[in-house]
Amino acid sequence: MLFLRRTLPLILAFVLGIIGIAIYYIPHNAAQDLENELAKWDRIVAAFAMLLGLYSLMRLHWSRVRRQQAGWGYSSLVFLGFAIMFFLSLFNNGLGPFVAKSSADTDPFVWMYNNVQVPADGTMFSILAFFIASAAYRTFRARTPEAAILLVSAMIVMIGRVPIGALISDWIPWAAQWLMAVPNLAAKRGILLGVSLGAVATSLRIIFGIERAYLGGGES
Amino acid sequence: MRKILIGIVWLLCVIPICAQQPEEVKAFDAPNDAGGSITVTWKRIDTLPPGTLYHIALSEFPEGPFHLVKKIASETNLMSDAPGTFGHGTETSQYHFFNITAFPDPGDSSKTVAIENGKTYYFQIGTQLPSGDLFFSNSIPAQAFGNLFNQTKLNNFILGTVFSIIILVSIYMARRRTLFIRRIAGLEALDEALGRATEMGKPVLFTHGLTGMGSVSTIAAVNILSRVARRTAEFNTTLRVANNDAVVMAVSHEVVKEAYLNAGRPDAYNEDIVFMAATEQFSYAAAVDGMMVRERPAANIMMGYFFAESLLLAETGASIGAIQIAGTDSYTQLPFFITTCDYTLMGEELYAASAYLAREPKLLGSLKGQDIGKAVVLLVLLMGTLLSTLGNQSLTHLFTAY
Amino acid sequence: MNRDKLFFFVFLCLFVILNAYLLSSGKLAANWDGFGIIIAVGITLSLYSFLYKDNPLFKFAENLYVGVAAAYTLDQVWYTAVLADVLNPIFGLNDTPVDLVRMLPAILGLCMLTQLASPTISWLSRISFAFVVGLGSGLAIPRTIAANLLAQIEPSMQSLSASAEGFNLFVILVGVVTVLVYFFYSVEHTGAVGISSKIGIWFLMISFGASFGYTIMARLSLLIGRVGFLLQDWLKLQLPLF
Amino acid sequence: MKDFLLNIDRRIIFVFVALGVIIPSLTEFPLPIKPTSTVQSIYDTIEEIAAKNGTVLISFDYGPGSMPEVQPMALSVLRHCFNKKVKVVGMCLWPTGVGLAQLAFDTVSKEFGAQYGTDYVFLGFKPGYTTLILNMGRNFHDAFAQDLQGNRTTELAVTRNIKGLKDFDYVLCLAAGNTPDGAWIPFGQERYKFKFGLGCTAVMAPDQFPYLQSGQMNGLMGGLAGAAEYEVLIKTPGTATEGMRPQSIVHLIIILFIILGNVMYFLHGRQKGGA
């Protein structure tokens, strides 16, 4: 049993990892067809992974409703929203769930998307505009020389990237563009090189079974 | 005399023909592909008048008929245009090349027929002068087949192999002996903040990011939490750990409990230290903010992967005058932490701090291996620029992704 | 607490009165479109009430949205992946040619769902995770090297010259190198290493400043978008007013 | 006075921001919008493609959370393409982008009378992210056998002759997340070397400059400002151009806040430790 539960997944990850690397260097049709087939499989498993994510989200709220934890009433609203939308999705503008999605703009599903999801998602992050302004006044401080450089660079970019910068002086947009395309580029490339080396190292640890966190279940 | 004159006239006629007929024509399977393509190459002729065209012709039989595949201008398609396949040698500017993947259907000229693998085709290159005269080379046979290694990716393969070996060896080494890691200034700042909270007799607040236990950032955050809990247990300072994920909360419970046990203060541990603030992003931020305003912690420690809530947390923390130490590998949120916190662990520093504290070989070894990788990249960049400035592009070419 | 309730009540009354006016004056159509706009405005304003303080209206809109968004994603996964790529080819629905090989990845996918089942079968999910994570890691390594290492190293190895362009290339080189030195953990940051890591921090700070400015710009753009919706789509103002 | 200024309620600052957005939205004053070179090159590429009657792939990888920033780009690019008879294929790597993409196609196709199937095709969302791009590169008709409405891609005029990613003359990604650097560049552009352009949220824009300089990306529209520049290029002002007025004013307000806050910090607040 331990073989099936632990060794088999590790072997599978190793074999698929090595195949994934190798087929990159092999232009032969056999390798490329294998890559295409594996990628197709991955897409299908990924679809189930998305279902898993949705299921665990709903389960979290369900457990709160069931145990009547603090704020469980709000969790039941999640089910209300989900239930309405889910029903409309199955309804599919009268076509049912086993044919391709309706693309009619009179579909009530589209109405829900446009009038609930779009305003809610769009508003959520715009709230931060207010908090940024408040933080700008109360907390964005040049506590250290480094923070001072950061703030000056931010102010040049902010003013240089909107038309009013060009009204004040042509140098401001020029300076903003230079900051973006030279020092900013340099730092971002440095970070990118470091992060990419880290990403390759993490992938290697997974393939060689050194990193097993993805298997879950208390193994490190 | 007459014979000599005839000879001269004959020579005058033949020499241009010889000079204008493509030479050194070669046809072979196009390298680095799955087949279905044949490359023809031939020597560049410098003396051609402007407007000359090359004809590339193909036949399925040695005796013909030959079908015109393409006409190209005589200045184009030099081997030096495709350094990935032909390299950067000086001679590449002296040869033309062309890849043939299909030819016009002899039965229906509006359609094309693809080159098949394993079948012999015959090729001719012709020079068409502006006057309309056409001079063809001899015909050359070739077959297409699938290749087993993409030579243009050789540098990628070598770099990948070498780096993999470095990482794996470093992890192996880290299991045998301790590896040196530089002092992480953020950890000292952390101790200072905990010290000050103790002096003031106020609590310490620890917040995780929003990601679950599967993320490297959260694992690093938990390692740091272990250190924080140990210190607060020793100093007898109140600790509060805010959570938004049930699994992370369960792990945090264990980690804090163990830290209190190791510090010899199991009595000081209670279940209220680690609590669930809220599960949704903004409600979580609002709940933690509310708690900060009520309990006024002296130190506010934020570690892990943060999203937009970082600003809400750090702003409130700063407004209550707490010492704030943050650490995140979320580069979009880093600027907000840098301007609102007293010390910030930036990007990989979070992992390094965690590796430093946890002393786990796989993390330390990996970090060490990546350092070697960075050192190599750094040297290559400096050497490459120097050589390139001196006029030698060889190192730059070695690192070109084709 | 009383003051909060008062605010809530006034807010609600204003919202009702305004909509009544808009509907009666014909600015908002009395059909699903007009009703949709009222719902959207209600959600927008409820979420903005967070600016006053965290409150039930905010939580109402937030949780409703979480449910709707989850079902929307489920809808997309169902129609374009589960139906089109799994059920159609396996059962030959909707005139799709039958392809039974698709059963294998579908079984792998179903195994993934066992993660939430009882521990006796939940180990099956590990096989699916091993497939996805192992293959993903393998595919990523050579491509990361090509796109993020080689392709990024090569443009920083150009010949320098005494021109504006050469100067910029030089600054970029200095920046890349010093930032790499900053993220170097094997040596203590003293002496020459200390100086270069300090320069690296300056480069990082300029770039974080750029990100900071751009992030502020992004959040404000979202607010402008929402305010535009409230002014034009709801209140039907003809802009510019003056 | 000093204490009042230091401890001002954040809700008062919120009012400033709200007014800073609302008042400039209601008024009109001219502002010069000059397209930057990175936006211009996306425009130029589409002009080139129009000249050879080519096809563009647009990937709508964003959701309603970034709609005000990215949707104007989608509208402008579609207007440009339909006006110049460039064929467009749309798709999504994010599930939440489908409704917005559909909305953009519906709006602009009506304006220009573009026909579904012969002028544009919308494929919708599919999971997989990186592996979807691998499949599209190798065999487009296999990866997307049907469009969103269930039509066969082998039968639609726009997609009939597309065998793989390399058959697109341009791939334009409109993104609010890591799809360009996490998926399109390493899994698509790296192998097929197609021309790749990006329109993205302002949050992402600074991170893209290394890819611009290395040529892995040939153009970049960043945030509402980038969208406004594209609107100027196609001479059709829209919400992004209008948005530049409040955007400019609120930027000034925030910069003033930062300066004011820091002046007070250095004059009075510094000894208080923290804020």
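**Exercise 1. Describe the contact between chain D and chain B.**

Solution. In contact (heavy atoms within 4.5 Å) are 6 residues of chain D and 9 residues of chain B. This is a predicted model, in which local features need pLDDT of at least 70, side-chain atom pairs count only at pLDDT 80 or more, and totals for chains, interfaces and linings use all residues. Residues are numbered from 1 along each chain as its sequence is written, chains are lettered from A and ligands numbered from 1 in the order in which they are written, and side-chain values use heavy atoms, with hydrogens and water left out.

Next comes the buried area, the accessible area (1.4 Å probe) that two parts lose on being put together, summed over both. For chain D and chain B it is about 550 Å², with 42% on carbon and sulfur atoms.

Then the pairs. The interface of chain D and chain B has 2 salt bridges, each a side-chain nitrogen of Lys or Arg within 4 Å of a carboxyl oxygen of Asp or Glu. One of the pairs that meet this rule is Arg10(D) with Glu315(B), whose closest N and O atoms are 2.7 Å apart.

**Exercise 2. Describe the contact between chain C and chain A.**

Solution. Chain C brings 110 residues to the contact and chain A brings 113 residues. Together they bury about 10300 Å², of which 79% is on carbon and sulfur atoms. On the side of chain C, the residues that lose the most area to chain A are Tyr79(C), Leu116(C) and Arg126(C), together 7% of what that side buries.

Count the salt bridges next: there are 4 across this interface. Among the pairs between these chains is Lys198(C) with Glu146(A), at 3.0 Å between the closest N and O atoms. Helix 3 of chain C, with 27 residues, gives the most to the side of chain C that touches chain A. Helices here are DSSP runs (H or I, at least four residues), as strands are (E, at least two), numbered from the N terminus.

**Exercise 3. Are Arg143(C) and Glu35(A) buried or exposed?**

Solution. Start with the pairing: the side chains of Arg143(C) and Glu35(A) form a salt bridge at 2.9 Å, N to O. The pair crosses between chains, from helix 6 of chain C to helix 2 (residues 29-66) of chain A.

Now apply the cut-offs: buried means under 20% relative accessible area, exposed over 50%, and partly exposed in between (1.4 Å probe, protein chains only). Arg143(C) is buried because its relative accessibility is 1%. Glu35(A) is buried as well, at 3%.

**Exercise 4. Which parts of chain D does the salt bridge of Lys195(D) and Glu48(D) link?**

Solution. The closest N and O atoms of Lys195(D) and Glu48(D) are 3.0 Å apart. The pair links distant parts of the chain, 147 residues apart: Lys195(D) is in the loop between helix 8 (179-192) and strand 5 (196-200), and Glu48(D) is in helix 3 (residues 37-51). Lys195(D) counts as partly exposed because its relative accessibility is 39%. Glu48(D) is also partly exposed, at 44%.

**Exercise 5. Where are Asn236(B) and Asn94(C), two residues with positive phi?**

Solution. Asn236(B), which is not a glycine, has a phi of about 60 degrees. Asn236(B) is in the loop between helix 5 (216-235) and strand 12 (239-243) of chain B, and it counts as exposed at 53% relative accessibility.

For Asn94(C), phi is near 50 degrees. Asn94(C) lies in the loop between helix 3 and helix 4 of chain C, and is partly exposed, with a relative accessible area of 30%.
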